[in-house]
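These are my notebook entries on chain contacts and a ligand site. I looked up the interfaces one at a time and then turned to the ligand.

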Amino acid sequence: MAHATGMKYLKQDALPHMWCAGCGNGVVLGALARAFEELDLAPEDIVAVTGIGCWGKADDYLAVNALHTTHGRALAYATGVKASNPKLRVVALMGDGDGATIGGNHLIHSARRNMPLTAIIVNNYNYGMTGGQFSATTPANAFTSTSVGSNPERAFDICELARAAGANYVARETSAAGMKLKNRIKEALEAPGFSLVEAISPCTTQFGPKNNMRRPVDMFEWLKAKGLPASKYDKMVHPEQEGFFKTGVLVNRDAPDFITRYEAMRSRMQAGGRE
Amino acid sequence: MQRNYELIMAGSGGQGLVFLSSLLAQAVIEDGGNVAQTQSYGIAQRGGFISAEIVASDEEILFQQVVKPSLVVVLHECAGSRYDAVAAPVLYDSSLLAEKSRPNNWKGVPFSLIAADLNAPKAANMAALGAIIQTVPVASLDAVAAVVERRFAPAVAKINLTAVKNGMSAAKQVSQGGRS
Amino acid sequence: MKKNQRLIQGNEAIAFGAFYAGARFYAGYPITPSSEIAEICSRELPGLGGFYMQMEDELASMGAIIGASLAGSKSFTATSGPGFSLMQENLGVAIIGEVPIVVIDVQRSGPSTGLATKPAQSDFMQIRWGRHGDQAIIALAPATVRECFEFTVLAFNLAEKYRTPVVLAPDEIIGHMRENMEIPEPGELPVVERTEPQGEPADYRPFCFKEGCVHPLANYGSERIYHVTSSMNGEDGFSNNSPENAARRVAQLHTKLDAGREDIVMTESFDVEGCETLIVASGAPVRAARSAAKDARAKGLKVGVLQLKTVWPFPELEIAAAAKNARRIIVPEMNYSGQLAGEVRKLVNDKNMVRQVNSYNGQIIFPAQIAQAIQ
Ligand SMILES: Cc1ncc(C[n+]2csc(CCOP(=O)(O)OP(=O)(O)O)c2C)c(N)n1
């Protein structure tokens, strides 16, 4: 089989994309398009729902159905699309501000409901689009445009949050590992129920330069050094884990999803389960 | 028949007063009339003063609320002095409200006692329903019976209908100057 | 007498009206005085093959119904003041994305949490202007339980026909009151279905910015792939930053409703022919107004009532025509500032001829209050 390029899923006349040199969004977009291709999904059966932010502009480059929504609410729109037509493959593309900060409530409730959607959150540790302010995933003590004296807040672990809230599938990779990312996205698209892939990614214009990683390559090297597979990460004891993050598949279970549970309820009602 | 009635039912949340008003409204419809039923929604579902209103007419109902009541029913002391100045007849639950001197247009009917005698304490509102249709011909007994039979299982419907009829005769006695 | 008269609550009639119109998707977050609509949807939609979704908040509710509509289901939500405020940003998406949805705002007394169970008509301006960015919207206000049903069907029809959100704005009185009505048989009221786009799927464009144009909407999952975006966009649904495009886009969002004005703007007049006093009202105050007008006419006064069934676009022509011979216009409404009265005042030269009757304490307007203004 020829190597998947994903081109069929990209709006080629819109390229090149608007993202900064060294930004990881292009890698994630490529991984997504290749995942679609390897799963042989029909573009008309896919709906890409995006929020607002740099990564939220990904729909501009996608030749599938798309719904570009408001900041933080992509999962809510995606929920309606999916329930209205469960045959559709629905992906929600969100930044860390979008998906885990302003939209944190929808994230936990989509996971709790086990809504059969795939959320792809690009975590670049800050609000890239609006000039690099801190988000709910900005590490404590990091420097951003609104934490010039270092970030006094603590960060969310998006994957742990999704796990605790009930997601069926949770994985994390970095945009320095495009192939792994594509594989995780494929698995997520095939997983029943709510699936989430967190792509840790460099913001080479905002976050990197403010935190002693002046050149794009500095941030990529940092990602490569800090992201550890479970086999390595889990061997470290607590204080050593500080500053590192675990990559790979973190949660994989098959609890019945919302649509399945709703249909079961519908059958019970139709069998006379109500007055 | 040209009907134009405005009724107020007042009491405490949980007494089945809104339900009473909706049964009465359905009886009006059963008799071919138009009806508007409203209620004052409070924060509390149980306890506390509530009231329901019925406007019944053979014509189109313009204003939905009671302006000049034809009858007021008071099921609980918490109604206070709200209806002291009303000119229309006021039926009150004489087995529940305190014994005291009341205006001449106030007629006590022992709704709760009637219900208790039937071993169905919840049917006090049904006795009130009977007293209402006895006092003002807003709906016929036939219509009330039809609605009650539709709304309840046969055994319950039977008790409720007895409560309605007993409420009617008690109200008749009172209006003829019997015990109050 | 009609045979199938039933006692029905306004909110219940709204839910039944929605089902009658073919609505099969409801997403909402409970709030008094609208919650009966959610409860009925949760009970009935599974059996109708539809979905009831209780979302985590009203932002999500609005997002979900927009998504559901684009995926092919007639969709709606119901709320009241606080929830309606939360819906504004996403309601704007339905406007720029030209997504047919119906939003029920059972108006209650504010500001803020206010008198949560009491009636008001203080959201008219929020319905019209509550979102950032210039835009137009349709809003209807029923005055009877039967109108709750009919206007809900109409709201869905207008939403589909003009590809726009439609707000149905009963006040708490109308939402909670019960009246006798006969549920229309299928086929009795017209129901507008989405028109399928024509032409080659590859050539499909989700929008058309010609003046007054309403372009057919495809459903996600059909052979027509398309984009909808909250950003300024071209006819292909993709982002477009050109000023020329933006001008055409914004204008078309307005002109499509201007072009449909005759269809959209509904009023009913009661004895307005030659009236010297015209009462202009919407929702529950229509009833008090008609009652007061009837008494006044019995005394020989020439008093007419114009009911605004459509509140937005504002029925300017209809009011001007009804007020032709009027020396006085009375506008009763359940708010302090005179949200409708202000619009009426814009239509007359002599601002003093418009008299307001306002209630803003959670209490309804009685005929006697209007009678006083007639004198
Ligand atoms: C309601 C609302 N508040 C604020 C904004 C401004 N805003 C746009 S994008 C953004 C943050 C984007 O950050 P993130 O989601 O992390 O995505 P990134 O740009 O980093 O990819 C903000 C705050 C907005 N568009 N809407």
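I noted the conventions. This is a predicted model, in which local features need pLDDT of at least 70 and side-chain atom pairs count only at pLDDT 80 or more, while totals for chains, interfaces and linings use all residues. Residues are numbered from 1 along each chain as its sequence is written, chains are lettered from A and ligands numbered from 1 in the order in which they are written, and side-chain values use heavy atoms, with hydrogens and water left out.

**Entry 1: a salt bridge inside chain A**

I looked up Glu38(A), which forms a salt bridge with Lys186(A), the closest N and O atoms being 2.8 Å apart. The two residues are 148 residues apart and link distant parts of the chain, Glu38(A) lying in helix α1 (residues 25-38) and Lys186(A) in helix α6 (residues 178-190). Helices here are DSSP runs of H or I with at least four residues, strands are runs of E with at least two, and both are numbered from the N terminus.

**Entry 2: which chains touch**

Contact means heavy atoms within 4.5 Å. I found 2 pairs of chains in contact, of which chains A and C share the most contacts. No contact joins chain A and chain B, and their closest C-alpha atoms lie 13 Å apart.

**Entry 3: chains A and C**

Chain A and chain C bury about 3,200 Å² between them, 57% of it on carbon and sulfur atoms; buried area is the accessible area (1.4 Å probe) that two parts lose on being put together, summed over both. I recorded 1 salt bridge between these chains, and the side chains of Arg113(A) and Glu56(C) meet in a salt bridge at 2.7 Å, N to O. β2(A) also pairs with strand β11 (residues 227-229) of chain C in the parallel sense over 3 bridges, where pairing requires that DSSP finds at least two bridges between the strands. His68(A) stands opposite Thr229(C) in β11(C).

**Entry 4: chains C and B**

Here 25 residues of chain C are in contact with 26 residues of chain B. I noted that Leu7(C), Arg178(C) and Asn180(C) supply 28% of the area that chain C buries against chain B, more than any other three residues. The rule finds 2 salt bridges across this interface, and Lys294(C) meets Glu59(B) in a salt bridge at 3.9 Å, N to O. Strand β2 (residues 34-39) of chain B runs antiparallel to β10(C), joined by 2 bridges, and Ala36(B) stands opposite Glu179(C).

**Entry 5: the ligand**

Which residues come nearest to the ligand? I listed Cys54(A), Gly97(A), Asp98(A), Asn124(A) and Gly128(A), out of 16 residues around the ligand, a residue being near if one of its heavy atoms lies within 4 Å. Why is the site shared between chains? Residues from chains A and C surround the ligand, so the site is shared.

I then looked up individual distances. An oxygen atom of the ligand is 2.8 Å from a polar backbone atom of Gly97(A), and a ligand oxygen lies 3.1 Å from a backbone N or O atom of Asn126(A). For Asp96(A), an N or O atom in the side chain is 3.3 Å from an oxygen atom of the ligand.

Conventions
Salt bridge = Lys/Arg side-chain N within 4 Å of Asp/Glu carboxyl O. Polar contact = N/O pair within 3.5 Å; in protein donor to acceptor, adjacent residues only side chain to side chain.
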